[in-house]
Every structure is written in structure tokens, then in C-alpha cells.
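Please keep the sequence and the 3D view open while reading.

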Amino acid sequence: MLALYTHRLLIPVGISLISVMSYAEDTSSRQSFDLSSRMVYSDVDDSLGFMHAFGIDYHKVVSNAQGDIGTLTAQLYVTRIDNLFPHPPFFDDKHDTELVTRIFNFNYTGLGKNLPNIKVGHIELPFGSEYRINTNGTLLQYTHPMNLGPKADWGVSINKQNASIDYEVSLTTGGGQSFRPDDASSYVLTGYIGTSSHHDFHYGFSFNQSKINQVERENYAVDVAYYEGLWGFSAEWLLGEKNDVNYQQSFTEINWRSPDEKQLYYLQLRLQRQFSDWSRQDLMLGTRYHFHRDLVLSAMLTYQEVQNTVQLSAQLRWRF
Amino acid sequence: MHRFIIPVFLLFSVNVWSQAFCGLRDPVAMIEKLYPDYTSFQSIVRTVDERTREVVSKELPGMVLHFGELGRHTLYVVTDNDGVLGLVHVRSEQSQWGLVEIAWGISKDLKIDGFAFQRCRSADKYKLEVPKIQAVFNGKRLEALKSYYDFEAAAPTQTYTNTIGYTGELGEVLLKCGMKTLLVTELVWWQDIDTIESSFNTFEPN
């Protein structure tokens, strides 16, 4: 019911945004339509699932006479899944259509050079390697859903980026796509502090404590990334607890880009131990190819050793 | 049987690099490096289009804007309590190490104030981001930078390499990026630059 209410509110907001887009070309804004089709093959039941998304991506810098005072980011998508299982929890079943809010927030930056910014809205949770890398709508993913539950959530954060440090601490509701979760006592507290991500070598520390619909989590992570020429390497080590079950996890990635950066190839390895047993040994092998300025083709193979499953995904994305 | 459908929408096209906008970050660290005493900045977002690309190819023969350089881009007007300190624009240049992003500090009359490597996967950036080489660029306009480049040979002149004391590829990347930045800034933001002075005359210190 709350999800429905959320969507009823977002539809007019989305339409309003689209209507102002035609006037926005000469102001400090960017806007793009974003259309993607994803195909997922799973060998568990030898099935083929699909996800189609169409939405708007809108970004506007708000200024006054003294300078910029904030940034509005809105990403609203109509998303259809067909025969997709497993699927994100905000879909009712494996055939469903939902209005999905990826990011929808205002980051107030008007407190000045030395004070933090304040972000309000639907926020990507600041945690681990994924915080540094833009994975919105891409096949390339890191550890957010597995570690935190939602990848983005409704709430507030304080954040800042300067010459030496990036940090963000957020307090969110735990509802994910909904303003409020089913259990009103839910919350998600997440934080990240690290060296500036424009350096060839950077590192950071994260924490996350949450209670979402009776599932309690606590995570602490260290992440590092290093870039040398066309090669990139990143790693994340995590100590976590989910409903009193402790686990350790490591996530590593090595990637290579072509000199024009139209091609990306990556290999990821995720290892997780609960008690003294491996609970995950996942290998992901993927590629991304910008074969046109606005068109991106991606593919990824996921092999889960412990679960003995193979998944093959492919996606075509067009931003215009 | 499921179908893999890509509808074709006959809508206007806005040139954008296929990346979600939530990944956009202001180059705060670079602004701080180029203008350490700044107190604030204001973004002016404009479109770098095919027409700009054509003029760049004509004015700087052999140099093309790659597809990531087209689309909506930002010029930052950097201020302190007394008014405008300068402009900051970040442009990228292809290299053997991938895209090199360089932030340029530019005065209101379109002279170089300084540069800083925002993203560069070559360790040679530490050899170039030094006061001696900054001094070679500082105060230069586009025409002065062009005199360091042999367009027929598509290479920097010996005068340039001798002046900076470096012959590697990153020196050429730096020079080409500087020329393209000054030209693109003038072509795309000239109307804004013309009005910066008057709009910030009413600037009220915090």
C-alpha cells in the first residue's frame, strides 16, 4: 500500500520533471531518457528472464547570487520484469511492472567550503567499493544488495568531498523503494570515509547497522583501489553479522579498459565464510562495450560454486 | 516465447555520454588546488555539440573531440569574497593510459591560470604537475599554445619539449588538452564569460 502511495506521488513528480525539461536546456541542468533491456539466463531451471526499464535521468545544479547551493538528481524508471527469478524484492512476482526510483535526492551544498553538505531523499547507501563506482542501471555490480539489503533508501545524509577526504554518513528508513518499510521500527545507518577517489590509489572504511523488517545487520568494511595504466584493481574486506550469524567476506576485481575507454572487461571474485564453511564462492566475468556514443552493450557470466549455478546476463542500454 | 524488444522513440536527442548523472561530481579537489582561497563556485552547464566539434577540427587541424567530450559540460566560475577568481573547466584527452582528465584554471580574459590532473593513470603526471611546467602554461592564450604545436607534423614543437624538459606522450596530451580547453571554453561559454563581470559586480560577500 505504501509502495503504491509512493508511486502515485512519484508519477506526477516525474511528469512535472519531464515538462520542465524542455525549458531546462539553457539552465544548469542535464537530462536524458534511459532505455534498457536485460536478458538473464539461469541454468537452475533452464529459464530465460527479462527486465526492461525506461525512465528519465535528471540532474540540476541550483545556484543563487553567491554560487551553487545544491544539486537535484532524479532517476525515475518504469520497469517491467518477465519470468525473472530471483528478482528485486519490490517486484510482487516474477511478472510485474513497477515504477522504480533509483536515485531521487537534493544535496544542499550551501553551507560553505568547510561545512558538510546535507542530502535528503532517495540516497545510494555509502558503503564499500560500490560507493566509489557508478553502477546505476549497469550489469556491473559490487556488494550492496548482498551486504546491505537495499542499494538505495529514503532518508538523509551528511557528506563532503574535498582535496584529501570523501565522507558520507546516512540515516535512512529501510523501506528501499517505499518511503516507509512494513516494520516501522526499521532503520539503516551507514557511513563511509576514505581518501579522495580521483587518486590512483585510494582506500576507505565503511560501517552499516540496520534493522529492516526484523532482519538485523551489522557490517564493517575496508576497501582499496589501485589503477595503473589501463588496469584497475579493487578489493573489499568485510566483517558482518546478520541475525546473529557472523560472516567474513572478500570481494576483489581486476579490470581492463581500452585506451579510448569504449571497452571494459572485468573479473570479480566474491568469497564468503559463515562459521568455518564457505557460504559463497562466486566468480563474475563481464564486459561492457560503448559501440555508439549513446548505446552500451554489456554481458556478464556469474558462476556460483557453492550453489552450483550459472547465470548469463546481457543488456543493451540506450541513453538519449 | 519472450521477445527482446527495443522500441524506437522518435524523440529529440540530447548528446550525452552513456553514464547515469548520479555519478557526476564537482571537481572540488581541483578547484581547491587551482584556487586555494576560493569561497564558492557557480556552475554553468552548456552543450558541446557537433558544431563545436567541427570548429575545433578546423581551428586545431587533426584534433577531434572524442564522443565523451560532447554533450552537457560545466564551466565553474570560482569566487572569493571580493569577486571572481577565475574559471575552471575539466576536459579529457585520449592517451595510451585511457582518458586523461585535466582541470584547467582560466582567467576571465581566457589565459591559463594553472592546471591539475584530475584523472591520469600515468605516473608521469608528477613530472608535469610542477611549478616549472605550470609557469610555461600560465598566462598563455590559445595562440601562444598553438605556437608550441606543429599541426602538419601532428606533434609538439621541439621548442615546447625543450621548454618543459620532457619528451613523453603525456606532454603532448597536456598541450592538446590545453588548446582544446581554451577553444571550447571560448566557443561554448563566450556569452556567459562576457556577462560574468557584470553579474558578479552585484556580488555580495557572505
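**Strand pairing in chain A**

A:N159 stands opposite A:E168, a residue of strand 7 of chain A. This pair belongs to a predicted model, as does everything described below. Strand 6 of chain A and strand 7 of chain A, the latter covering residues 165-172, run antiparallel and are joined by 7 bridges.

One position to look up here is A:V120, whose bridge partner in strand 6 of chain A is A:V156.

**Chain B**

Chain B contains 7 helices and 7 strands. Read from the N terminus, the order of its elements is α-β-α-β-β-β-β-α-α-α-β-β-α-α. Chain B has 206 residues, and 42% of them count as buried. Of the contacts in chain B with a separation of 6 or more, 65% are between residues 24 or more positions apart.

**Where the chains meet**

In the interface, 46 residues of chain B are in contact with 51 residues of chain A. Several elements of chain B each supply at least two residues to the side that touches chain A: helix 1 (28-34), strand 1 (40-48), strand 2 (71-80), strand 3 (83-95), strand 4 (98-106) and strand 5 (112-119). Strand 1 of chain B gives the most, with 6 residues. By residue class, the side of chain B that touches chain A divides into 20 nonpolar, 19 polar and 7 charged residues.

**Confidence**

For the complex, the predictor gives an ipTM of 0.86 and a pTM of 0.88. The average pLDDT of chain B is 86, and 86% of its residues score at least 70.

Two stretches of chain B call for separate mention. Over residues 1-17 of chain B, pLDDT stays under 50, and the model has 29 contacts beyond four places in sequence for this stretch. Residues 201-206 of chain B also have a pLDDT below 50, with 9 contacts in the model beyond near neighbours in sequence. Where pLDDT is low, predicted coordinates should not be read in detail.

Key: Residues numbered from 1 in each chain as written. Chains lettered and ligands numbered in written order. Predicted model: local features only at pLDDT ≥ 70, side-chain atom pairs only at ≥ 80, totals over all residues. Contact = placed C-beta atoms within 7 Å. Helix = DSSP H or I, 4+ residues; strand = E, 2+ residues; numbered from the N terminus. Nonpolar A, V, L, I, M, F, W, Y, C, P; charged D, E, K, R; others polar. Buried ≥ 20, exposed ≤ 12 C-beta atoms within 10 Å, placed from the backbone. pLDDT = per-residue confidence, 0-100. Pairing = 2+ DSSP bridges.
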